[in-house]
Amino acid sequence: MFIYKTLESTSMEKLHKTFLEAFSDYQVKVDISLLKLQQMLQRRGYVPRASIGAFKDDELIGFFLTGIRKWNGKLTAYDTGTAVIQTYRKQGVTSNMFLNTKQLLEKMEVEQWLLEVIQSNISALQLYKKQEFQILREFECFNLDKNKYNKVTTYKVEHINSINKSDWMELMKFWDFKPSWQNSIDSINSVSDTFIYSIIKINDSIVGYGIIGKKTGDIPQIAVDKNYRGRGIGRSILTDLINSTESYNISVKNADSQCISMKDFLLNLGFKNNIRQYEMALKL
């Protein structure tokens with residue numbers, strides 16, 4: 001009834017059409033343009049030959065989209081998006097795509113499979129647990145309406161075109177937790193021109209930085225040197241980021257639930273906690 005094959009010969013237009021239809025009833029509203037889908041997949045390391053589609057009469061009715069990179073020193077696959085059009089659900093399509101993808105990844109000598117799942121998505125969570133994925137971390141996602149933010153700037157904020165390797169080595173010291181796959185350095189660098197980079201310097205050294213999507217309002221990273229916290233540096237950066245993006249919806253996805261400082265920072269500035277996720281992994 002269904003044919004399962006990799007997606008090298010499937011056009012982005014065809015994938016986009018199925019993507020919108022399959023996510024039309026998702027817990028989170030998904031309304032993504034073709035260009036933004038392309039950028040999202042590029043950011044997450046999408047590899048068509050490692051991704052499986054389910055087809056019925058040449059119609060793409062479901063997909064397992066996969067990114068591949070090194071992660072914690074291991075060759076890792078990342079679930080960039082999994083969905084099935086509503087009409088074809090509960091017919092074993094997801095399970096078959098999963099098995100096909102797993103066999104493919106094992107042939108490619110991928111060492112582990114990483115994904116994120118919304119905690120309230122019980123059916124997906126049960127599927128992954130059944131396949132022996134283990135929970136690594138809990139994430140929280142936050143949203144803010146740009147018009148409801150009280151803009152305060154105490155420090156001069158500068159913009160840079162990108163972050164070089166030596167600067168990243170310094171900025172990583174500011175982190176309280178390792179960013180998730182989609183917010184990682186590799187993900188940011190893969191679509192570097194889609195972001196705005198804001199920094200604050202004191203005595204010619206960067207003491208805080210933030211990154212935001214020019215059009216999306218997504219903040220993959222924001223951090224302040226631990227020696228300079230509590231002075232308004234983070235808020236000054238956030239204000240600049242919000243002023244710089246075209247989007248009115250500002251989002252911070254996948255903040256580690258264990259990081260109280262990040263949660264307090266966002267909630268105190270008016271962000272709302274709207275989604276909780278698990279980061280899960282399977283050893284292959």
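**Reading burial, rings and overall shape**

Guide: Phe19 has a relative accessibility of 5% and so counts as buried. The model is predicted.

Visitor: Why does a value of 5% make Phe19 count as buried?

Guide: A residue is called buried when its relative accessible area is under 20%. Phe19, at 5%, is therefore on the buried side of that limit. Phe63, at 0%, is buried as well.

Visitor: How many aromatic pairs are found in the whole structure?

Guide: The search returns 15 aromatic pairs. One of them joins Phe19 and Phe63, with 5.7 Å from centre to centre and 0 degrees between the planes, and is stacked. Phe19 belongs to helix α1 (residues 12-22) and Phe63 to strand β3 (residues 59-71); the two are 44 residues apart, so this pair links distant parts of the chain.

Visitor: Which residues form one aromatic cluster?

Guide: Phe64, Phe98, Trp113, Tyr128 and Phe133 make up one such cluster.

Visitor: With neighbours within four places in sequence left aside, what is Thr101 in contact with?

Guide: The contacts of Thr101 are then Ala50, Ile52, Phe64, Thr66 and Trp113. Phe64 and Trp113 are also members of the aromatic cluster described above.

Visitor: Now the whole chain. How many helices and strands are there?

Guide: The chain has eight helices and 12 strands. Its radius of gyration is 20 Å, close to the 19 Å from the globule rule for 284 residues, so the chain is as compact as a globular protein of that length. Along the principal axes, the C-alpha atoms fill a box of roughly 65 × 40 × 30 Å.

Visitor: What share of the residues of the chain count as buried?

Guide: Of the 284 residues, 52% count as buried. The accessible surface of the chain is about 14200 Å², and 47% of that belongs to carbon and sulfur atoms.

Visitor: What part of the contacts joins residues 24 or more positions apart?

Guide: Among contacts with a separation of 6 or more, such residues account for 75%.

Notes
Residues are numbered from 1 along each chain as its sequence is written. This is a predicted model: local features need pLDDT of at least 70, side-chain atom pairs count only at pLDDT 80 or more; totals for chains, interfaces and linings use all residues. Side-chain values use heavy atoms; hydrogens and water are left out. Contact means heavy atoms within 4.5 Å. Rings of Phe, Tyr and Trp (its six-membered ring) pair if their centres lie within 6.5 Å; planes under 30 degrees apart count as stacked, over 60 as edge-to-face and the rest as tilted. Helices (H or I, at least four residues) and strands (E, at least two) are DSSP runs, numbered from the N terminus. Buried means under 20% relative accessible area, exposed over 50%, partly exposed in between (1.4 Å probe, protein chains only). The radius of gyration is taken over C-alpha atoms; the globule rule is 2.2 Å times the number of residues to the power 0.38. Accessible areas come from the Shrake-Rupley method with a 1.4 Å probe; for residues, only the protein chains shown count as cover.
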